[in-house]
Amino acid sequence: GRGIEVAKPPVHYRQVGEICGGDLECTLKYTLNGGEEYGAVLIVSEKHAEVIHDFLRKYRVPAAVIGRVVDKPPHIYVGERAVDHMIKAWDQFKGWV
């Protein structure tokens with residue numbers, strides 16, 4: 001399996017920075033569950049990352065490297081800690097899951 005190690009979650013609102021004070025896990029919690037962080041995640045080979053980034057920049061699509069794929073069990077990691085349990089989702093029939 002492969003995991004995803006997040007090193008720099010995208011933050012579009014300064015309030016998240018003020019609330020979390022630079023704490024990566026806190027920032028990740030808000031960016032995964034805040035509801036206003038719309039975007040797409042692209043997973044690309046390191047050897048193609050620069051070409052993809054240049055293509056997106058050409059069309060003025062904001063992009064940033066926020067982490068990397070790691071050889072660990074399939075989870076989202078901050079450092080060595082799996083944090084995917086922090087992700088909440090809205091299910092139309094069940095509510096928050």
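## Salt bridges

Lys72 and Glu80 form a salt bridge in which the closest N and O atoms are 3.4 Å apart; the term denotes a side-chain nitrogen of Lys or Arg within 4 Å of a carboxyl oxygen of Asp or Glu. Lys72 counts as buried at 17% relative accessibility, whereas Glu80 counts as exposed at 68%. Here buried means under 20% relative accessible area, exposed over 50%, and partly exposed in between, for a 1.4 Å probe and with protein chains only. A network of salt bridges links Lys72 and Glu80 with Glu5 and Arg68.

The structure holds six salt bridges. One of them joins the side chains of Glu25 and Arg81, at 2.4 Å from N to O. That pair links distant parts of the chain, with Glu25 in helix α2 and Arg81 in strand β4 (residues 81-82), 56 residues apart. Glu25 is partly exposed at 23% relative accessibility, and Arg81 is partly exposed with a relative accessible area of 42%. A further salt bridge connects the side chains of Arg57 and Asp54 (3.1 Å, N to O). Both residues belong to helix α3 and are three residues apart, about one turn of the helix; Asp54 is partly exposed, its relative accessible area being 35%.

## Model and fold

The model is predicted: local features need pLDDT of at least 70, side-chain atom pairs count only at pLDDT 80 or more, and totals for chains, interfaces and linings use all residues. Residues are numbered from 1 along each chain as its sequence is written, and side-chain values use heavy atoms, with hydrogens and water left out.

The secondary structure of the chain comprises three helices and six strands, in the sequence order β-α-α-α-β-β-β-β-β. These elements are DSSP runs numbered from the N terminus, helices being H or I of at least four residues and strands E of at least two. Of the 97 residues of the chain, 20% count as buried. Ile19, found in helix α1 (residues 14-20), counts as exposed at 52% relative accessibility. Ile19 and Tyr30 are eleven residues apart in sequence, and their C-alpha atoms are 9.6 Å apart in space.

## Largest pocket

The largest pocket has a volume of about 1300 Å³, taken as the space filled by probe spheres set on grid points that are joined across faces, edges and corners. A pocket is an open set of points, on a 1 Å grid over the protein atoms alone, where a 1.4 Å probe fits, with protein on both sides within 12 Å along at least five of seven lines; lining residues have an atom within 4 Å of a point.

The lining consists of 34 residues, and Ala40, Val41, Leu42, Ala64 and Ile66 lie nearest the centre of the pocket. At least two lining residues come from each of β1 (3-6), α2, α3 and β2 (67-70); α3 provides the largest share, five residues. By class, the lining has 24 nonpolar, six polar and four charged residues. Nonpolar covers Ala, Val, Leu, Ile, Met, Phe, Trp, Tyr, Cys and Pro, charged covers Asp, Glu, Lys and Arg, and polar covers the others, Gly among them.

## Nonpolar surface patch

Ile4, Val41, Ile43 and Val69 make a nonpolar surface patch of about 370 Å². Such patches are made of residues with over 30% relative accessible area and no salt bridge, nonpolar side chains (Val, Leu, Ile, Met, Phe, Trp, Tyr) being joined within 5 Å. Accessible areas come from the Shrake-Rupley method with a 1.4 Å probe. Val41 lies in the loop between α2 (24-33) and α3 (46-58) and is exposed, with a relative accessible area of 67%.

Terms used
Patch = residues over 30% accessible without salt bridge, like charges linked within 9 Å, V, L, I, M, F, W, Y side chains within 5 Å.
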